[in-house]
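This briefing takes up the covalent cross-linking, the aromatic contacts and the confidence of one protein model. Please keep the sequence and the structure in view while reading.

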Amino acid sequence: MLSRSSVRFCVLGAIALAMAAPALAQTRSGQPNNAAQAAREKERQTNVPQQAEKQFPVGTSWVAISLNDKPYSGDRPGFALDAQYRARGFGMCNTYSATAYPLRDQGFAVGPLAMTKKDCGKQVMAAERAFLVALRTARKWDLVNGQLVLTGESGTLRFERVL
């Protein structure tokens, strides 16, 4: 039969062992010996501050500067995106509206366009069509030196902010 002092000694020993367990979890080389501890240590060592994700400027208006580095002149196309992700704009001849969503990782998606059907001559209509196709197929956005840049399979649109 164990004496009271022997029981106390065993209990105190168990408490001491429990408190020392994290230190004992290290191998002789000083490295953590289980996968979870190794992952935490690696994260601690490589914890580099990440750049905050950019926020799309909802509630702003933009007018196009260029399409595929070809500048616009005269009546330039543009759009405004409200807080409900509704884009409304002018395409050089017709007005249009669509749902436009900024997505994670600076993705961008534009839904089908609803637009007026004015005819403004072949040259203007071709330029408007090129703008609207580039807008509709844009998949990425970025803010570069105060300009909004939309990039997709039909090229790169650059916009400047208007008040």
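The points below concern a predicted model and are grouped by topic.

**Confidence**
- The protein chain has an average pLDDT of 81, and 69% of the residues score at least 70.
- Among the elements of the chain, the lowest mean pLDDT, 52, belongs to helix H1 (residues 4-24), whereas the highest, 96, belongs to E7.
- Across residues 24-29 the pLDDT is below 50, and this stretch has 7 contacts in the model beyond near neighbours in sequence.
- Where pLDDT is low, the predicted coordinates should not be read in detail.

**Disulfide**
- A search of the whole structure finds 1 disulfide, which joins Cys93 to Cys120 with an S to S distance of 1.7 Å.
- The link of Cys93 and Cys120 is right-handed, with 70° about the S-S bond.
- Cys93 sits in the loop between strand E4 (86-90) and strand E5 (95-103), while Cys120 sits in the loop between strand E7 (114-115) and helix H3 (122-136), so the pair ties together parts that are 27 residues apart in sequence.
- Cys93 counts as buried at 4% relative accessibility, whereas Cys120, at 32%, counts as partly exposed.

**Aromatic pairs**
- The count of aromatic pairs comes to 7, and one of these is the edge-to-face pair of Phe79 and Phe159, at 5.2 Å centre to centre with 90° between the planes.
- This pair links distant parts of the chain, since Phe79 lies in strand E3 (residues 78-81) and Phe159 in strand E10 (residues 155-162), 80 residues apart.
- Phe79 counts as buried at 4% relative accessibility, and Phe159 counts as buried at 0%.
- Ring pairs link Phe79 and Phe159 with Tyr72, Tyr96 and Phe131 into a cluster.

Methods
Residues are numbered from 1 along each chain as its sequence is written. This is a predicted model: local features need pLDDT of at least 70, side-chain atom pairs count only at pLDDT 80 or more; totals for chains, interfaces and linings use all residues. Side-chain values use heavy atoms; hydrogens and water are left out. A disulfide is a pair of cysteine sulfur atoms within 2.5 Å. Helices (H or I, at least four residues) and strands (E, at least two) are DSSP runs, numbered from the N terminus. Buried means under 20% relative accessible area, exposed over 50%, partly exposed in between (1.4 Å probe, protein chains only). pLDDT is the predictor's confidence in each residue, from 0 to 100. Contact means heavy atoms within 4.5 Å. Rings of Phe, Tyr and Trp (its six-membered ring) pair if their centres lie within 6.5 Å; planes under 30 degrees apart count as stacked, over 60 as edge-to-face and the rest as tilted.
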